[in-house]
Amino acid sequence: MSTTRRDFMAAAGAAAMGMQGAGGAQEQDHDHSHQVVPSDPTLRVKALESLLVEKGLVDPAALDALVDAYEHKLGPRNGARVIARAWVDPAYKKRLLADATAAIAELGYGGQQGENMLVVENTPKVHNLVVCTLCSCYPWPVLGLPPVWYKSAPYRSRAVIDPRGVLREFGLELPQETEVRVWDSTAELRYLVLPERPAGTGQLSEEQLAALVTRDAMIGVAKVMPSQKGGSA
């Protein structure tokens, strides 16, 4: 599932034009990883962005760079540091699972969109997956901006109905004996997955471990691998 912000915004405009030309008819492409007809807020955002660009008040390239930084670099790195600390510090891990909001605040992360947090731990027997079925509630202080696919209607519905199928589409095949638990984020409570620490990383420092942790692993659509870097958009 790899769609850039600008690709998604372009699709929003194309979908809107298509609806006007077809008298409002919709055609769903189930092979896509995002909804073909975007939500009204998405269309409004595109209209506003287009107006600001037209008036020369916003540089599209600069805007893309800013969004990319918050989506892929700044936010997820905060969460990765939380995960790495839990892996190397049993006492911190215990506090994190007991009171995630307070434990995350110990590392300096918190605030809007992360006022109330709950951390759920992956084990060989249990795998956790996070979704927001109503909109796109997401822990910004530790994960940055939500990816396009997280906000899409197919993910929001299918993560609940067929979580194993969704995980397979992300390339994650779990043993049948592993229980999959789906957590529905809300405005009142947001979730962060504590992935399993990969085998063979006993010699790595906390900083090196943090570099392995991806945004997708902290949502639950991937596992952390010893050489894994980055995350899908």
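Lys-93 and Glu-121 form a salt bridge, their closest N and O atoms lying 2.6 Å apart. The model is predicted: local features need pLDDT of at least 70, side-chain atom pairs count only at pLDDT 80 or more, and totals for chains, interfaces and linings use all residues. Residues are numbered from 1 along each chain as its sequence is written, and side-chain values use heavy atoms, with hydrogens and water left out.

**Exercise 1.** Work out which parts of the chain Lys-93 and Glu-121 link.

*Solution.* 
- Start with the term: a salt bridge is a side-chain nitrogen of Lys or Arg within 4 Å of a carboxyl oxygen of Asp or Glu.
- Helices (H or I, at least four residues) and strands (E, at least two) are DSSP runs, numbered from the N terminus.

**Exercise 2.** Find what the salt bridge between Arg-85 and Glu-206 ties together.

*Solution.* 
- Take the distance: the closest N and O atoms are 2.7 Å apart.
- Arg-85 belongs to helix α3 and Glu-206 to helix α10 (residues 206–212), so the bridge ties together parts 121 residues apart in sequence.
- Check exposure. Buried means under 20% relative accessible area, exposed over 50%, partly exposed in between (1.4 Å probe, protein chains only).
- Arg-85, at 28%, is partly exposed. Glu-206, at 28%, is partly exposed too.
- For the whole structure, a search finds nine salt bridges.

**Exercise 3.** Name the residues that touch the most other members of the largest nonpolar core.

*Solution.* 
- A nonpolar core is a set of buried Ala, Val, Leu, Ile, Met, Phe, Trp, Tyr and Cys residues joined through side-chain atoms within 4.5 Å.
- This core has 46 residues, and Leu-96, Tyr-155 and Leu-192 touch the most other members.
- Helix α3 (residues 60–88) gives the largest share, six residues.
- Look at Tyr-155. Leaving aside neighbours within four places in sequence, its contacts (heavy atoms within 4.5 Å) include Leu-129, Trp-149, Phe-170 and Ile-219.

**Exercise 4.** Explain why the buried residues of helix α8 lie on the same side.

*Solution.* 
- List them: Tyr-155, Arg-156 and Ala-159 are the buried residues of α8 (residues 153–161).
- They cover an arc of only 100 degrees around the axis, which puts them on the same side of α8.
- The arc is that of the directions from the helix axis to the C-beta atoms.
- Find the cover: it includes β2 (126–131), α9 (163–169) and α11 (215–219).
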